[in-house]
Amino acid sequence: MSTSETQPRGRRIPAPPARFQVPWLRTRQARLLMIAIGILLAYALPIVRPPILTTPDSDFGGVLTSMTSYALVAVGLNIVIGYAGLLDLGYVGFYAVGAYTTGVLTAQHWHWPFLLVLPVAIAVTMVTGVILGAPTLRVRGDYLAIVTLGFGEIIRITITNTPWLGGAAGIKDIPAPPSLGPDPVGVDQDGLFQIPHIAWNGLTPLIDNDHKTPFLVFGVLDAVPYYWLLLTVLLIVLVADILIKESRVGRAWEATREDEEAAELMGVPTFRYKLLAFALGAAIGGLAGSMLASGQGGFISPTSFLLLYSLLFVAAVIIGGAGNRCGAIVGGALVAYLPERFRGLSDWRLLIFGIALMVIVTFRPQGLLPPRRTRRAMKVEAEIEELEGEGVDA
């Protein structure tokens, strides 16, 4: 028998190409070190003010605060959309419930301390999520999207027409979180200590002692302490998100998202887990709303919770990569950052923002940072296409 007769038909599948790998980067210690460095850099951003990233026409500390707030909201919505596969178009309603719970309890009718109001706002928003989810999670797909869309508008219209909640005028003079150290009015040397900023002369960094940030003094003149507080809250939420996603709850969400009927047949109480996802997502949205109400401005109104914001939150999750918590953070940060980065272009900045979103969705429909399951599917699909292009028999 000749050699040609013993060889199988078609060409042999080529071996995968060698990849450039650094072995020490794959160790747990190296990953933890890189995460720690990234967190430190995130805290240092408003002080360092990198020339390329900073917003010349907006307060960079305020922009970072908005980016972190959007990222926090996107992480909460990612639980609903990315983990459980539920399309929620009225998520801004939970954002509003958390904000108005804080505003009513601290300024409008009572004067509770912020640290007491914060867990109350989270609990009220979670209960609101359960009340909304219990009757509506029986429906799926587009019907669920329509119901949640109506919920967001109902919340806003109710606030606008309720004088007890401030009506269309909103709620003002909401107190900020408690500061650390002295905070005398009109005195520069407040706080436990002050951190000088970095000024850039071209690419040369210089110490700017004329502009300093007091450590955790929450006032109206400096947004950096609010950014540090929000970033800390975001990190805590991320740790909780990781623990929940890696538990049996996360596996139940994944099974429900992929095939709800099959999950039911395998004994997974899908309705209970969908309701849990709705409640946890609502709680994070209420947390973000409470932080918004106690923010630098100390003012909220119904116009702060328009339907547009719900669509932006959904866009943040989809652009970042639904199902990936890091992708949700990147998507939320981008949605808040891009309009401010191009603020100097006046009305053209919104056009650039829209074009940027269209380009991302068109050329990266799976998101900037797709989840692991999507990356595996993309890899398998690419290998199949490569083999078909080379004429290898299946």
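## A loop residue with positive phi

R49 sits in the loop between α2 (28-48) and α3. Helices here are DSSP runs of H or I with at least four residues, strands are runs of E with at least two, and both are numbered from the N terminus. This is a predicted model, where local features need pLDDT of at least 70, side-chain atom pairs count only at pLDDT 80 or more, and totals for chains, interfaces and linings use all residues. Residues are numbered from 1 along each chain as its sequence is written, and side-chain values use heavy atoms, with hydrogens and water left out.

Most residues other than glycine have a negative phi. R49 has a positive phi, near 50°. Its relative accessible area is 26%, so R49 is partly exposed. Buried means under 20% relative accessible area, exposed means over 50%, and partly exposed lies in between (1.4 Å probe, protein chains only).

L216 is in the loop between β2 (204-214) and α7. Phi of L216 is also positive, near 55°. L216 counts as buried, at 19% relative accessibility.

## Helix α3 against helix α7

Helix α3 (residues 60-83) and helix α7 (residues 224-245) have axes that come within 8 Å and cross at roughly 20°. Axes are lines fitted to C-alpha atoms, for helices over the stretch in contact, and angles run from 0 to 180 degrees between N-to-C directions. The two helices are therefore roughly parallel (angles under 35 degrees; over 145 is roughly antiparallel, 65 to 115 roughly perpendicular, the rest oblique).

Residues of α3 in the contact include L64, L72, V75 and I79. On the α7 side, L230, L234, V237 and L238 are among them. Contact means heavy atoms within 4.5 Å. The contact residues divide into 15 nonpolar, four polar and two charged. Nonpolar covers Ala, Val, Leu, Ile, Met, Phe, Trp, Tyr, Cys and Pro; charged covers Asp, Glu, Lys and Arg; the others, Gly among them, are polar.

## Aromatic pairs

The whole structure holds 11 aromatic pairs. The ring centres of Y91 and F94 are 5.9 Å apart with planes at 75°, so this pair is edge-to-face. Rings of Phe, Tyr and Trp (its six-membered ring) pair if their centres lie within 6.5 Å; planes under 30 degrees apart are stacked, over 60 edge-to-face, the rest tilted. Y91 is buried at 0% relative accessibility, and F94 is buried at 1%.

F94 and F151 have ring centres 5.0 Å apart and planes at 40°, so they form a tilted pair. F94 belongs to helix α4 (residues 92-108) and F151 to helix α6 (residues 141-160), so the pair ties together parts 57 residues apart in sequence.
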